[in-house]
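Work through the following exercises with the sequence and the model side by side.

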Amino acid sequence: MYQFFVEPTQIDIGNRTVWITGADVNHIKNVLRMKVGEEFAVSNGQDGKEYRCAIRTFHDAMVECELRFIKEDGEELPAKIYLFQGLPKADKLELIIQKSVELGVYQVIPVETKRSVVKLDEKKAKAKTARWQQISEAAAKQSKRGIIPEVKEPISFRKALELAKDMDIKLIPYELAEGMEKTRQLIEGIQPGQTIAIFIGPEGGFDESEVQAAQEAGIEPVTLGRRILRTETAPLAILAWLGYHLEA
């Protein structure tokens, strides 16, 4: 079933009506060639609910739909996961964002670290962030998310530590961390409703001084196994573990 995102004001629960506007109108009419009566799902990107609709009529720049029912629980994980991702080279971050959104991440925060090769000025950062947000929206539609995870503009490692300081669970996968049992215990101790910060290093990992600063900020080093994972693999591995635990 297809899914689209709309603004909250485009859903009129009292009149059982939903309006689709913008680029999705052309997509519904001319690409999907949907007909009156066909159903699809709508999310407002905020409350995590799924609004099931059927096409009522077509207008020139709008599709008017009948709201049939609301799925309250939606498809979101019962905890908010914030991915603090060290800026990688090339287009790796695009892959990380796409797959992280599919796996249930709540927000992605790119982080400039000591070993980050990529350095973005303000103009490039804004352009890149706009592109990353488009990728997040496309992945949210594909995976039928109830929200569109926000992708922030890149921040410094110091600011990342400040942003994460009040989160309930803070983990930093680190190749020198020992003991899978500790990792298992930390993940199994996570409860619904908590906020979770995951710090992932760029190519080459975090500098030792950054790991030390993270530990001083209350962030727990964990291992992801005996093998060294690439920067684009590590976040997907731990997000999959978290999803398995939270949805179980």
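On a 1 Å grid over the protein atoms alone, a cavity is a set of points where a 1.4 Å probe fits but cannot get out, and lining residues have an atom within 4 Å of a point. Grid points are joined across faces, edges and corners, and a volume is the space filled by probe spheres set on the points. This is a predicted model, in which local features need pLDDT of at least 70 and side-chain atom pairs count only at pLDDT 80 or more, while totals for chains, interfaces and linings use all residues. Residues are numbered from 1 along each chain as its sequence is written, and side-chain values use heavy atoms, with hydrogens and water left out.

**Exercise 1. Find the volume of the largest cavity and the lining residues closest to its centre.**

Step 1: counting cavities of 30 Å³ or more gives one. Step 2: the volume of the largest cavity is about 40 Å³. Step 3: this cavity is lined by 10 residues, of which S43, E50, E75, K144 and G146 are the closest to its centre.

**Exercise 2. Describe the chain as a whole.**

Step 1: with helices (H or I, at least four residues) and strands (E, at least two) taken as DSSP runs numbered from the N terminus, the chain has seven helices and 13 strands. Step 2: its C-alpha atoms fill a box of roughly 60 × 40 × 30 Å along the principal axes. Step 3: of the 248 residues, 46% are buried, where buried means under 20% relative accessible area, exposed over 50% and partly exposed in between, for a 1.4 Å probe and protein chains only. Step 4: taking contact to mean heavy atoms within 4.5 Å, 74% of the contacts between residues at least 6 apart in sequence join residues at least 24 apart.

**Exercise 3. Locate the largest nonpolar core and state which elements supply it.**

Step 1: a nonpolar core is a set of buried Ala, Val, Leu, Ile, Met, Phe, Trp, Tyr and Cys residues joined through side-chain atoms within 4.5 Å. Step 2: the largest one has 33 residues, and those with the most contacts inside it are I81, I97, W132, I196, I198, L242 and L246. Step 3: at least two residues of this core come from each of strand 7, helix 2, helix 3, strand 11 (169–173), strand 12 and helix 7 (234–247). Step 4: I196, when residues up to four places away in sequence are not counted, touches A79, K80, I81, Y82, M167, I169, I190, L242 and L246. Step 5: another core, of 19 residues, lies apart from the largest one and has F84, A164, F206 and V211 among its members.

**Exercise 4. Characterise the aromatic pairs and the parts of the chain that they link.**

Step 1: a pair of aromatic rings is described by the distance of the centres and the angle of the planes. Step 2: rings of Phe, Tyr and Trp (its six-membered ring) pair if their centres lie within 6.5 Å, and planes under 30 degrees apart count as stacked, over 60 as edge-to-face and the rest as tilted. Step 3: the structure holds five such pairs. One of them joins Y82 and Y106, edge-to-face at 5.4 Å centre to centre with 65 degrees between the planes. This pair links distant parts of the chain, since Y82 is in strand 7 (residues 80–86) and Y106 in the loop between helix 2 (92–102) and strand 8 (107–112), 24 residues apart. Y82 is buried at 14% relative accessibility, whereas Y106 is partly exposed at 27%. Step 4: the ring centres of F157 and F199 are 6.2 Å apart with the planes at 75 degrees, so this pair too is edge-to-face. F157 belongs to helix 4 (residues 157–164) and F199 to strand 12 (residues 195–200), so the pair ties together parts 42 residues apart in sequence. Both are buried, F157 with a relative accessible area of 9% and F199 with 1%. Step 5: ring pairs link F84, F157, F199 and F206 into a cluster.

Definitions and conventions
On a 1 Å grid over the protein atoms alone, a cavity is a set of points where a 1.4 Å probe fits but cannot get out, and a pocket is an open set with protein on both sides within 12 Å along at least five of seven lines; lining residues have an atom within 4 Å of a point.
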